[in-house]
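Please have the sequence and the model at hand while reading.

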Amino acid sequence: MGTRSFFNQLSDHEHPSILRLSLRQQVLLVCCADSKAINDPKVLLQKALDPPEPEVVEDALNLLVHIKALEKNASHRGRYEPTFYGRLLASMTLSFDASVLILKFGDIGLLRESILMGILMDTNPLPVRRPFGQDQLFAENIASYFGGDDESSVLTGKKEIISMDNLCAYQFWQRAFKDKHRVEQLKHLLKFDEPNTTEILFPKLEEEWYSFHNLLQPSLHQVSEIYDDIVNSMHRFRPKFMVKANGLPSYYNPNEFEHTCSLGYLQYRDEDLGSEKEDGNINLNLDIEEKTCLTLPYVAPNDFKANFVAEKFATVLKEMRVEHTQNHAENEQKPIIAMVSHDMGERPLCRYFVNGLCNRGSECPFSHSLQAPKPICKFFFSLQGCRCGASCFFSHDVNPTMSSITSPNLCTPDSEQPDAASFLRLLPSTPDGCILVLDDNDLHFSSSLSNNGVPAKIITTTSVPDDSTTDNSLSGVKVLHGLSHPYGTVISGAGENSIPWKEVHCVLWFASFQLDKTNIESVEKQRILLKQFFEYLAIRTLADFLYDMPVVLTMNNVRFSQLQVEKLARDSFFFLQESFPFDESSFGAFSDVVPMSKPMMVSRPISYVFYICPPTDIQYGNYNAALKKSLYDVAIWKDAMFDSQTGNLQEIYKTA
């Protein structure tokens, strides 16, 4: 009877989503449309098959104006136009609240963690496996990543706690599995005559590893792809916090983290099979046995700065709930806190009494008077808004006696002006350190750099053969001709053109790529070039212990985003530490200019500073010695196998 009663209360048809959503994200996307003919949400949404109530659209507009995502343009009859903050929110393929969370985290220096957290709040299924009907087993899986020391006490919402658990699981995957694979890739990269057995067995090893640690492979890969898309969007817009955004993930502190699988078998009873059949027979509960890792917990309470990130996560969530609760209809200038109880002493109305379902009588803590106020709808005052709209039982009104708060923090574009000092401070100050300039074929930047420093410290490479030309501005600069990049410059053996890597204290590459976005082959070719650069440089850096050497890659920021440079660097243990505008007035004009048609995006040369963060030898053994041996072996025969005229790395593979 209970099931039939519940079924009879259901509507014949589900209400259209446009009538159930708050439309805040939809209104923002409409306002960000390039065409003026379709960027008025009040007009466009009324043309829908089931147009929403004008009050709902107005509420969404008021909130977006309140948080400074939209602003009224007085010169265009009050048309709503997106701010820089609004366009940045609209650029992310996430829910409205997740996008706001990311930008607020970025302002406090946790951009990378916030992007992952925002994605995880929207992802389904989540990376940590949740066996159907096995709630206890799921709780144990979660506790393996974030639990056991009251570190979750700062988070109150169940969804937020689970998101934090999955963040630790993602970081564990990166550190314990992905990094191991990256190390193996580097160790085998220069062994052209040996098959990579790790690569052959990788699919099977990967599948088993996910199973051992109760993780879902597709979910982790999906999170990783969305993460890279959002990071690239940040580089195109360059908000102010990107200038000092530290790309080193929290799971590299401390770097002594170690996980060694201890395999065993987990037994549990499948309770779902112990149900009654229609014919009256009863299924017996079966014992299920799974191979699993017994090294618990996978992530200890103090690993990966989990407590610190959880504390900041809780603080940002509270700030968001406060900032986005405002009685826009009454007074747009007085933000208020809505998540409080009624102050009038009157009990809120019992929703079950209204539906004729309350059976507690006088013992019910809620009022059975129809004049009693409705309880506050907590979803209406969230960022996403209430999905029920006008049909919601709970109140969407705001108590006028609630406390005021400050205005939300603004996310502004990078306004930093190019300054030669930002670049020069990265150059070595000691007399024994030298600067390596890579692939400067026309010697343009080497000449400009020598005018701003000590020419004797500069070593520059070019693939152009020595034509014996003399440039007075290069007096004292050591020019190495005929070195193709990146193979000939980074993997250089003994010879007259060898680079003294032990003396190199800074690497500069002015990467000017003239690419056609429509030419997929051209884009992929340059991406492979960058991938090889970071891979070979990682081998050189790790083998020679050049850990304090900054690698400054100067290129157009749109190109940087298009080629996914940060991802390519991260795959070889290089992490972005800072970035700043390149001073063309001091170091020469940068030829790679990408015209931008979309408003508020940036297109300018930026210097990106990378440092290598070596994986711990506690986890991966003495991999430095293996990389050193690979360099030595290549130095013996590289000149005979490498085509210095074409610089084509494929020639090596063909010969080998």
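## A buried pair

In this predicted model, Arg 570 and Asp 228 are both buried, which means that each has under 20% relative accessible area. Arg 570 forms a salt bridge with Asp 228, and the closest N and O atoms of the two are 2.8 Å apart. Because Arg 570 belongs to helix 19 (residues 565-570) while Asp 228 belongs to helix 11 (residues 217-237), the pair ties together parts that lie 342 residues apart in sequence.

## A pair within one helix

Glu 208 and Lys 204 also meet through their side chains in a salt bridge, with an N to O distance of 4.0 Å. Both residues lie in helix 10 (residues 197-212), and because they are four residues apart there, about one helical turn separates them.

## A network of salt bridges

A further salt bridge joins the side chains of Lys 567 and Asp 571, at 3.2 Å from N to O. Lys 567 is partly exposed, with a relative accessible area of 28%, and Asp 571 is likewise counted as partly exposed, at 27% relative accessibility. Lys 567 and Asp 571 are linked with Asp 179 and Arg 182 in a network of salt bridges.

## The overall count

With a salt bridge taken as a side-chain nitrogen of Lys or Arg within 4 Å of a carboxyl oxygen of Asp or Glu, the count for the model comes to 17 salt bridges.

Terms used: Residues are numbered from 1 along each chain as its sequence is written. This is a predicted model: local features need pLDDT of at least 70, side-chain atom pairs count only at pLDDT 80 or more; totals for chains, interfaces and linings use all residues. Side-chain values use heavy atoms; hydrogens and water are left out. Helices (H or I, at least four residues) and strands (E, at least two) are DSSP runs, numbered from the N terminus. Buried means under 20% relative accessible area, exposed over 50%, partly exposed in between (1.4 Å probe, protein chains only).
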